[in-house]
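This report describes the surroundings of the ligands, the packing of helices and the pairing of strands. The sequence and the structure come first, and the description follows.

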Amino acid sequence: MVVPSPNSIMKSCKKTKAMEIPTIDLSMERSELWEVIVKACEEYGFFKVVNHSVPKEVISRLEEEGTKFFAKPTQEKSQAGPATPFGYGFTNIGPNGDVGDLEYLLLQVNPLCVSNTSKTISNDSTKFSCVVNDYIEAIKEVACEIVDLVVEGLGVPDKFALSRIIRDAHSDSVLRINHYPPLNLKLKGNKNSIGFGAHSDPQILTIMWSNNVGGLQISTSEGLWIPVPPDPNHFFVMVGDLLQVLTNGRFISVRHRALTNTMKARMSIMYFAAPPPNWWITPLPKMVSPPQIPSLYRPFTWAQYKQAAYSLRLGDSRLDLFKAQKDTHLVAASPSHIQC
Ligand SMILES: C=C1C[C@]23C[C@@]1(O)CC[C@H]2[C@@]12CC[C@H](O)[C@@](C)(C(=O)O1)[C@H]2[C@@H]3C(=O)O
Ligand SMILES: O=C(O)CCC(=O)C(=O)O
Ligand SMILES: [Fe+2]
């Protein structure tokens, strides 16, 4: 059952639309759960999860570490940067000059990488690493539970086809802590500043937590923006580009953006579940049946896709590069030909 969120009635304004965010109660019967999850992934590529297994303290400890770090003077924070790609980054979201008013910490989820990056982030790097690792372990379980339900809902015989990728020791999953300082109206003179420009996440699945400050918007297929009411007690899930490919386009990766708040600082913690770099991405066998249902995409590795994603601008439609089109003039250069 998809439960309407109580905060879902929003004022419509130009190019935005009120919508009930699909809410999935993870304590429901498994047989009912996979059906609603598949429906939400097909319709929106986005949903909220309630009754998840992550203890409140695991979230609040990481929020506290994030707050402590972002409160430091810029010079001190910069010692943890630049984010190339891991560590502290600010203002420019990507290497292509994409604008956005935010600062962030980007960490590879591998405990050794967390430990190394933590040394420049915190004076008590052991504590920081522990807090981050506890969060990663807990959120990874939520991600695996969700993809296992997706696999079951799609009728894929290999029950762990997706969670196995996320659990792989060489998984390239990352954790990102975003901090959007309050918008200085006097300096910006514009009420709606973009914190993080419109994009879809390139990985398989994103699990997002945010503090009680709104800002996230998701896009409908008609290009209307839907504001997502904040809810620090629950998580939000986003379908990423790779899940779109793995389901042969049955699920659509959700385009989203974050606006900055005029008064309050916003913090979001994103877990991006990804395969190992050399993992080949092709639709799950159940999702193709040639010649009637051919694969919409040509095979590629996560490393190739990531390279393409990082060499394009934030809003570009990177999946188009990997479509299995027959007309050669529409087929883009293979990823190895893409300039970085
Ligand atoms: C502009 C960019 C930032 C980004 C890499 C990219 O070139 C295009 C994708 C962006 C994104 C969005 C989701 C995640 O926040 C992220 C870590 C990712 O994997 O892809 C960011 C990248 C980034 O900030 O490095
Ligand atoms: O902060 C948010 O709400 C969204 C951040 C985001 O989209 C990202 O980190 O990829
Ligand atoms: Fe994102």
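## Helix 4 against helix 5

Two residues are taken to be in contact if their C-beta atoms, placed from the backbone, lie within 7 Å. The model is predicted, and in it Pro-111, Val-114, Ser-115, Ser-118, Lys-119 and Ile-121 of helix 4 meet Ser-125, Phe-128, Ser-129, Val-132 and Asn-133 of helix 5. By class, this contact of helix 4 with helix 5 comprises five nonpolar, five polar and one charged residues.

Helix 4 covers residues 111-121 and helix 5 covers residues 125-154, and their axes come within 8 Å and cross at roughly 135°. Because of this angle, helix 4 counts as oblique to helix 5, and the crossing of the two is right-handed.

## Helix 1 against helix 5

Helix 5 also packs with helix 1 (residues 30-43), the two axes coming within 8 Å and crossing at roughly 95°. Helix 1 and helix 5 are therefore roughly perpendicular to each other.

On the helix 1 side, the residues in contact are Leu-33, Trp-34, Glu-35, Ile-37, Val-38 and Cys-41, and they meet Ile-146, Leu-149, Val-150, Glu-152, Gly-153 and Leu-154 of helix 5. This contact of helix 1 with helix 5 has nine nonpolar, one polar and two charged residues.

## Strand 8 and its partners

Strand 8 (residues 216-219) is joined to strand 11 by three bridges, and the two run antiparallel; within this pairing, Gln-217 has Arg-257 of strand 11 as its bridge partner.

Three bridges also join strand 8 to strand 9 (residues 225-227), again in an antiparallel arrangement, with Ile-218 bridged to Ile-226 of strand 9. Strand 8 and strand 9 form a hairpin with five residues between them, and Gly-223 in the turn has a positive phi of about 85°.

## Surroundings of the ligands

Ligand 1 is surrounded by 16 residues, of which the closest are Gly-94, Asp-98, Asp-201, Tyr-310 and Leu-314. The elements that give two or more residues to this shell are strand 5 (174-180) and helix 9 (302-311). By class, the shell around ligand 1 divides into ten nonpolar, three polar and three charged residues.

The residues around ligand 2 include Arg-176, Asn-178, Phe-196, Asp-201, Leu-216, His-256 and Met-270. Strand 5, strand 11 (256-259) and strand 12 (266-273) each supply at least two residues of the shell around ligand 2, which by class has four nonpolar, five polar and two charged residues.

Terms used. Residues are numbered from 1 along each chain as its sequence is written. Chains are lettered from A and ligands numbered from 1 in the order in which they are written. This is a predicted model: local features need pLDDT of at least 70, side-chain atom pairs count only at pLDDT 80 or more; totals for chains, interfaces and linings use all residues. A residue is near a molecule or strand if its C-beta atom, placed from the backbone, lies within 6 Å of it. Helices (H or I, at least four residues) and strands (E, at least two) are DSSP runs, numbered from the N terminus. Ala, Val, Leu, Ile, Met, Phe, Trp, Tyr, Cys and Pro count as nonpolar, Asp, Glu, Lys and Arg as charged, and the others, Gly among them, as polar. Axes are lines fitted to C-alpha atoms, for helices over the stretch in contact, and angles run from 0 to 180 degrees between N-to-C directions. Angles under 35 degrees count as roughly parallel, over 145 as roughly antiparallel, 65 to 115 as roughly perpendicular and the rest as oblique. A crossing is left-handed if the near helix is turned anticlockwise from the far one by less than a right angle, and right-handed if clockwise. Two strands pair if DSSP finds at least two bridges between them.
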